[in-house]
Amino acid sequence: MAEDKSKRDSIGLNAKEGQTNNGFVQNEDILETDLDPSSPAAGPQHNTVDILGPGEPDVKDVQPYAGMPKEVLFQFSGQARYRIPREVLFWLIVASVMVLIAATIAIIAISPKCLDWWQAGPMYQIYPRSFKDSNKDGNGDLKGIQDKLDYITTLNIKTVWITSFYKSSLKDFRHGVEDFREIDPIFGTMKDFENLVAAIHDKGLKLIIDFIPNHTSDKHAWFQRSRNRTGKYTDYYIWHDCNYENGTTIPPNNWLSVYGNSSWHFDEVRKQCYFHQFMKEQPDLNFRNPDVQEEIKEIIQFWLSKGVDGFSFDALQFLLEAKHLRDEAQVNKTQIPDTVTQYSQLYHDFTTTQVGIHDIVRSFRQTMNQYSREPGRYRFMGTEAHGESVTKTMVYYGLPFIQEADFPFNSYLSKLDKPSGNSVSEVITSWMENMPEGKWPNWMTGGPDNVRVTSRLGEKYVNIMNMLVFTLPGTPITYYGEEIGMRNILAANLNETYDVGTLFSKSPMQWDNSSNAGFSEGSHTWLPTSSDYHTVNVDVQKTQPRSALKLYQELSLLHANELLLSRGWFCYLRNDNHSLMYTRELDGINRVFLMVLNFGESSLLNLKEMISNIPTRVKIRLSTNSAYTGREVDTNAVTLASGEGLILEYNTRNLLHRHTAFKDRCFVSNQACYSRVLNILYSSC
């Protein structure tokens, strides 16, 4: 009977074009039967399954086996015990994906904007002629900067800012540019610049450079063509008829140069006067001419294509002048007009900050935005407008929906010459109170045109000023040498054209106590080194635990690693003629940094009277006197020496910015809160 049944099944399957699967068939499962060799059923006998047609066999008693054809597999896959787990797993995966997507969207929605590279760390401003000489000619150069990039990284710097290096006939390399697309030979070649850009980026740093679009050198090709009335260049500069008799120019009006005397100069070739806000060798461009604006746009694009990450645009308030050429009002109306020769003796209502300037600045921003579309390659734009009031400076931030500068450079601390808690507080609050909501502040204590901190305030204030800029909200900016407390040189004997008043803060960087302070191996340097270079230099200070350089490195590291300093609220506590106190705090972090900075005489402070919830003893996180760092101090009696600063740290849930009394005394640029559970920042505080 078994043999007959096997034959029938096989014949039935063959008749319906079924297939027999012999794979993985165990010998012991095969029914060995001697058949007639002539029989069509000869050979090993197997059970077969009819899978087609209306007479399909029931597979409920058949076990799955390896190598099943897909038709058989489909029969099993439809069974509940296989289908239900599969469907459950599928919907679990779908639900998990949806949850992940929703969580990602939620995190993105509540997350504050990430700090950009120009916000995340300090900038380091370099005057290239004074930083490092690589070819022994006594002048700093681009290769010298590249050689010292490792040192810059030890300062935890994020951005290198190089002042003007364009080809120029004027030796200060800050003003009259002959060619905006060429490197001055003193600094090297374009290949040197390209190598420097690559090296800076390899170190994870960014590069911004100076650009002064207001004027050129009188040696510039544009000016030479303009004075000869050549084509479109005829009106590239500001020309006007004037009287010239017996070597004396009678200018069109009483406008004065920044450096004194008339801002008009007669040109023998064109037989007209041209306008110059600065020196007569620096004629002003005519920014009312669209061709000039297009030229400047192309220059910006040229350097951006070279890999530059941003610009510092200088002297922007001088870009336009009033077209009517009326006389400017005298400060002293009773002064005889012919004796008015100094810039400060006029109100410059017609030669600075004219209507239309910010349209030009916005066009610079738009050009840079074209190069900011690549992720991680945002192009920074800073502006310098020296001498402007704080309110006028704030306009360079732009409007809520019309961007201009990422920030105008804040040089007001660089001009302080009498340190006190009151004067420092006034600079800080005037900036923070006038800054548009959501904008980013910055702080700098020096620059090429300012007296160095040591010479302006005194050696004991070097550390406290560095502590100040690293603990205020925003981007700290350091002028080369301020991290070691360099001072102005006392004299500079040069047979070159300079604004001599700015020379003394441009002395060579003091690297070590070798000849020329390690700045140059040449026989001379373009400026003399400071007389204190044997003790005030990088090599000496990097081995001294209490040096200005060591404290600077600790401050920059703290700034980089603490959300309280990079993202936290700034709350002003109090100030007097001696001291200044403020806190940095962040929702979600139950710690507070309290800065106590003494700019006056030695003081004894009772912090308990000022902050009700402060513990009796708090930790000194950093001190300008490193011997105190890590210790605890009694808040009932904190003694501060003159020029001493403390960063105190204590735990509290009672943050000041939540108090109504501090509503107008606390500031934050981009509000964020911290979640300890998720270890993320979020904006919905």
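Colleague: What is the torsion about the S-S bond of Cys242 and Cys273?

Modeller: This is a predicted model, where local features need pLDDT of at least 70, side-chain atom pairs count only at pLDDT 80 or more, and totals for chains, interfaces and linings use all residues. Residues are numbered from 1 along each chain as its sequence is written, and side-chain values use heavy atoms, without hydrogens and water. The disulfide (cysteine sulfur atoms within 2.5 Å) is right-handed because the torsion about its S-S bond is about 85°.

Colleague: Are Cys571 and Cys666 buried or exposed?

Modeller: These two are joined by a disulfide with S to S 2.0 Å. The scale runs from buried (under 20% relative accessible area) through partly exposed to exposed (over 50%), with a 1.4 Å probe and protein chains only. On that scale Cys571 and Cys666 are both buried.

Colleague: And which helix holds Ile105?

Modeller: Ile105 counts as exposed because its relative accessibility is 54%. Cys114 is exposed too, with a relative accessible area of 62%. As for its place, Ile105 is in helix α3.

Terms used: Helices (H or I, at least four residues) and strands (E, at least two) are DSSP runs, numbered from the N terminus.
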